[in-house]
Amino acid sequence: MEIPYKIYLEENEMPKYWYNMRADMKNKPAPLLNPGTHKPVTFDELSHVFCDELVKQELDDTTAFFEIPEEIRSFYRMYRPAPLVRAYCLEKKLGTPAKIYYKFEGNNTSGSHKLNSAIAQAYYAKKQGLKGVTTETGAGQWGTALSMACAYFGLDCKVYMVKVSYEQKPFRREVMRTYGATVTPSPSMETEVGRRILEKHPGTTGSLGCAISEAVEKATTSKGYRYVLGSVLNQVLLHQSVIGLETKAALDKYNIKPDIIIGCAGGGSNLGGLISPFMGEKLRGESDVRIIAIEPASCPSFTRGTFAYDFCDTGMMTPLAKMYTLGSDFIPSPSHAGGLRYHGMSSTLSQLYHDGYMEAASVNQTDVFKAAEYFARIEGILPAPESSHAIYAAIEEAKKCKENGEEKTIVFGLTGTGYFDMVAYEKFHDGKMDDSVPSDEELKKYADMLPKVE
Ligand SMILES: *Cc1c(COP(=O)(O)O)cnc(C)c1O
């Protein structure tokens, strides 16, 4: 069968259910803990922070399939199905016998996969009758996606944007405002926790963990508001399973079984979504697909972090999650893959990694941008720096196939476009990109500060 350059599903072939990998895991991810009592958090505790329906999804380790509400499916149809592209041009250029596919999630204004969960979270907030939601954003992709989703459902959207990005990335900030969101640079004087952080670290350029603390405080102290998070959480991986389900449906049409699946990992949502149905097969003993997470060398949660309970934010307001973490006080060097600058990792992926179901590797910035530019010149798409971590690894695997004469099928997630990252590309072109990597001493310092949990 001739495989087209792009495999598109029909609209009526799009998934009607999200798939929850946790249902097939024998070792479930460890429960979130109340930071005061160290007991598993209850529905009531979480529902002060998050929307009710999302809390149910968060805590549900056993239901395999959740029906996607029709309103969300109808929004998905505005920009999905996303194409699964056979990278014929890249294969030819590399001269590899490997077959390379990528799932392209950049075909929407927000420019990344994040809209898949943003629209779901906004829908449940609206259904609960809330006035609005608060959130944080790093480079701005999540804030952009959420502001689009909130505009669609007529919800107020308050975004705390990491200060360095607020200043360096005015374009995404303005996209958010175009969709009606209020954007505040974080840390700010608007919240108690922001003031505390500024006092302790005057002149800080902020971090995701710190912006999360501010957004949580704002939500829990404003009537009719809840907090929403764009990655890390189980519910987000659930919504992002639409990526993997579409990918699998497209591959199944041509009887293709992937040998290797690669994704970049910041908090783990795109990777968790992309791999979900394939990981389900692996967990059930039906396949032995290799799964590889790629993270920046400047923020190496999987490859150099500790598998332990930690806060999800810097201000220590969120529940404790058991995950691979660099410590909630760790602030990575200002890398250009803002979406990957998070100290922790999804607890579901962390458990799977711990149990040997997936691998992880890290790569430095300059190599990422080399891969990004190489890819742009061959396949045409200008990739996001985050996505380019996966591109780098896919190219490396394809080169190995060439050396060994192996016809492996490689699938990777191309999570977004890089139009708003041209300052980073400029630094790369001018040879001004730095590749700083945290020292062992620095990582140990933060690991020693992890909360002690029995
Ligand atoms: C946010 C983002 C990521 C990383 O987030 P995950 O939750 O780890 O998927 C990757 N790529 C792009 C383009 C992003 O915007």
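## Basis

Numbering starts from 1 in each chain and follows its sequence as written. Because the model is predicted, local features need pLDDT of at least 70 and side-chain atom pairs count only at pLDDT 80 or more, while totals for chains, interfaces and linings use all residues. Helices (H or I, at least four residues) and strands (E, at least two) are DSSP runs, numbered from the N terminus.

## Ligand shell

The ligand is surrounded by 19 residues, the closest being S231, S269, G339, E386 and G416. Two or more shell residues come from each of α12 (269-283) and α16 (385-404). The largest share, three residues, belongs to α12.

Sorted by class, the shell holds five nonpolar, 12 polar and two charged residues. Here Ala, Val, Leu, Ile, Met, Phe, Trp, Tyr, Cys and Pro count as nonpolar, Asp, Glu, Lys and Arg as charged, and the others, Gly among them, as polar.

## Helices α15 and α16

Helix α15 (residues 365-379) packs on α16 at an angle of about 85 degrees, and their axes are 8 Å apart. That angle makes α15 roughly perpendicular to α16. Angles under 35 degrees count as roughly parallel, over 145 as roughly antiparallel, 65 to 115 as roughly perpendicular and the rest as oblique. Axes are lines fitted to C-alpha atoms, for helices over the stretch in contact, with angles from 0 to 180 degrees between N-to-C directions.

On the α15 side the contact is made by D367, V368, F369, A371, A372 and F375, which meet P385, S388, H389, I391, Y392 and I395 in α16. Two residues are in contact if their C-beta atoms, placed from the backbone, lie within 7 Å. The residues of this contact divide into nine nonpolar, two polar and one charged.

## Helices α5 and α6

For helix α5 (residues 115-127) and helix α6 (residues 141-153), the packing angle is about 40 degrees and the axes are 8 Å apart. The two helices are therefore oblique to each other. The crossing of α5 past α6 is right-handed; a crossing is left-handed if the near helix is turned anticlockwise from the far one by less than a right angle, and right-handed if clockwise.

From α5, L115, A118, I119, A122, Y123 and K126 meet A145, L146, M148, A149, C150, Y152 and F153 in α6. By class, this contact has 12 nonpolar, no polar and one charged residues.

## Helix α14

Helix α14 (residues 347-354) is largely enclosed by the rest of the structure, because seven of its eight residues are buried. A residue is buried if 20 or more other C-beta atoms lie within 10 Å of its own, exposed if 12 or fewer, and partly exposed in between, with C-beta atoms placed from the backbone. The buried residues are S347, T348, L349, S350, Q351, L352 and Y353. Just after α14, G356 takes a positive phi of about 80 degrees.

## Two buried residues

S186 lies in strand β8 (residues 182-186). It has 33 C-beta neighbours inside 10 Å and so counts as buried. Beyond four places in sequence, S186 touches E136, Y160, M161, V162, K163, G194, G206, C210, A211 and E214.

A219 is in helix α10 (residues 208-220). With 22 other C-beta atoms within 10 Å, A219 is buried. Its contacts beyond four places in sequence are V49, T134, Y225, R226 and Y227.

Notes:
Near = placed C-beta within 6 Å.
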